[in-house]
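Trainee: I am new to this structure. Please show me how to read a few of its features.

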Amino acid sequence: MNLSLSILEFAVIGAGLAILLADLWTPVPQKRNLGYAAAAAVGLIFLASMLMQAAAPAYAFEKMYVLDGLALFFKRFFLFAAVIVLVMSVEFADRIEAGIAEYYALIMFALAGMMFAASANDFILVFVSLELITVTFYVLTSFQRGRLHSLEAGVKYLILGALASAFLVYGIALVFGVANTTNFGELMGSARVASARPVFLLGLLLVLVGLGFKIAAFPFQIWAPDVYQGSPAPTTAFLAVGSKAAGFILLLRVLFSAVPEITVNWTKLLMVIAGMTILYGNLCAIPQRNLKRLLGYSSIAHAGYMLLGVAAMNSAGSSAILYYLGAYLFTVLAAFTVICVVMRGVEGDDISAVAGLHQRSPLLAASLSLAMVSLAGIPPLAGFFGKFLLLKAVVEKGATQPGCYWLIAVAILGVVISLYYYLGVVRAIYWSKGSAELSDIKVSWPIQVSLYACIAAMFYLGLFPDRLVNIAMEAVKALKL
Amino acid sequence: MTAGLEHYLVVSAILFCLGLLGVILRRNLLIIYMSLELMLNAANLAFVALSRFNNNLDGQIMVFFIITVAAAEVAVGLALIVALYRKRQTAHVEDLTLMKL
C-alpha cells in the first residue's frame, strides 16, 4: 500500500471539499469568487505535479493503481484543463441560479475521477473512476435546471451513459469469469489462453462499447451533439476535453497494457470505427447553425482522428494521440471560453451571435478564429501538426496493412469537409453583414490571461512541436506496443 | 439437481437482455431507468456466481462497488427526472425533442 502515490488526487478532492465548506461562510455576492480560489488551488496542484517524477512505474492499492509516465502526462493534462474550465465557470456564474460553489466542487470531483482514470491498472478502478466522472457530469450538464435544454441534455446523457456503464460492467464480468482476474498485469499473462474463448472476446467487446461511448466514437456518438448543445458552456468544454481524454487513456490502457495480444487482431475493426467516426462527425457538422452543437459534431470527428492513432497500433500512433490531445486541449478551451463570454444573454448559441465580433472585441475574435483554424488543421497551428503525426503513424502501418491507405484517404476527405464549416465560423466573425449588436464586450483579466495562454500554446505547439513530441514518446513507453 | 454456474450465467444473460429490451422498447423514463438497473444487477449476479465458482473473492468486491455506484446513479438520475417532470409535466421520451438534428 503506497498512498503517497495518489497524493495529487487526494489534494484535488481535499480542495473540492474545502470549496464546499467555504461556501457555508461566504456571503452570497462573494460566492462566485470561490471559483478563483478553486482555480488557484488546482493551479498549485498542477505546479506540484510538475515536480513529480515517474521513471519506473510505481504501484499502489494491490496494483490497481499505477503511476508511470503516461499517467503523469494525463494528470497534468486534466489539471491544466480544470484550471481554465474553473476560470470559465466564474464567468458563467451569473447564468446559474443557485449553488455555484457546488458547481466548482463538482468540476473538481470530476477532475479527481479523471486523474484516477489516468492511473487505472485494474478493471475495478476503470469502472469506479469512469462512474465518478460520469455521475458528476450528469449533474454538471443539467446544472441550469431552470433551462429546459439543460435538463433535456442531462436526461439524455443520464440514460445513454447508464446504458454504456451497464455494457461496461457486464463486459468486465465476462472478462473476470474467464481470466479469473481484473488486474491488467495478470490479464496480460492469461490473455493468450483466454483469447481462444469467445466469451472473453465478447466481454472485451462490451468493455470497448462502454469506452467508445465515453469518447463518442461511431456508433455510440448519438448523445454527443445534444449534450454539448444543452449543457452550460464550461461543462461542455470539460466534457469535450477532460471526459474524452479520460476515455482515450482508458482505451489505451485496456487495449495496449491489458490485452495487447488480442488487440493486434482488431486492427480492421478499429480502422472501420475510426473512418466512420471521422465521416459522421464531419458530414453532420456541415448544416449546423448552433455553435456548441457544431463543436459537438467536430468533437466526434476529432475522436475519429485520434482513433487513427489507436488503429495504427504502434508507439508513433499512441504518442501522436497524446500530442493531438495536447493541441486539442488549448484549441477547444479557447473556443469555449469565447463562446462562454460572447453568448451571454443570447438564446440558441447561433453562429450569427459572433457576427462582427472583431469590432466588439478583437481578442475574442482572434481567439475563436485561431481555434477554428487550428481545429481545421491549417499550419502553423497546433492542430495541423497533430493530424500530421497521426497520418504519419498510419502510413507507417500501411506497409503491412494495405487498407490503411483507404483510411488515410477518408481522413483527408474529412479534413477537407471540415474546412468548410470551420471557416464558415471565421467568415461569420469577420465578414458577415448586418450584425445587430455592436457594443464592446468587456473581458475580465483572468479570461484574458487564459485566452492568451491558449493562443500562445497553439502557436508554440505548432511551431516547436519537438518538446511535446518527445514527452509523448517518453510517456507511451508505459504501453506494451 | 443443484444449480451450476451455467444456470446462474444464463439467468444473468436473460436479465441483461430483458433490461436492454426495456431500455429500447419502453417509452417512460422511469421504466427505462428501472431497466437500466436491471442490467447492472444482471452483471452483479454474474460477478457473484463467477466469484463463488472460481473461488476468487475479487468479484464480490466488484459487486459492492457496483451497488454503491448504482445507488449514486439512481439518486442523481431520479432527481433529474423529477426536475424534468416539474418543468414539463411529462416523463416520456417522445417529449424530449427540444434538440434535434
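Trainee: Where is the place of A:Val259 in chain A?

Mentor: Helices are DSSP runs of H or I with at least four residues, strands are runs of E with at least two, and both are numbered from the N terminus. A:Val259 sits in the loop between helix H10 (233–258) and helix H11 (260–263) of chain A. This is a predicted model: local features need pLDDT of at least 70, side-chain atom pairs count only at pLDDT 80 or more, and totals for chains, interfaces and linings use all residues. Residues are numbered from 1 along each chain as its sequence is written, while chains are lettered from A and ligands numbered from 1 in the order in which they are written.

Trainee: Is A:Val259 buried or exposed?

Mentor: Buried means 20 or more other C-beta atoms within 10 Å of the residue's own, exposed means 12 or fewer, and partly exposed lies in between; C-beta atoms are placed from the backbone. A:Val259 is buried because 26 other C-beta atoms lie within 10 Å.

Trainee: Which residues does A:Val259 touch, not counting those up to four places away in sequence?

Mentor: Contact means C-beta atoms, placed from the backbone, within 7 Å. A:Val259 touches A:Leu187, A:Ala191, A:Leu204 and A:Val254.

Trainee: How many helices and strands are there in chain B?

Mentor: Chain B has three helices and zero strands. Its radius of gyration is 17 Å, well over the 13 Å that the globule rule gives for 101 residues, so chain B is more spread out than a compact globule. That radius is taken over C-alpha atoms, and the rule is 2.2 Å times the number of residues to the power 0.38. The C-alpha trace of chain B spans about 50 × 25 × 25 Å along its principal axes.

Key
Contact = placed C-beta atoms within 7 Å.
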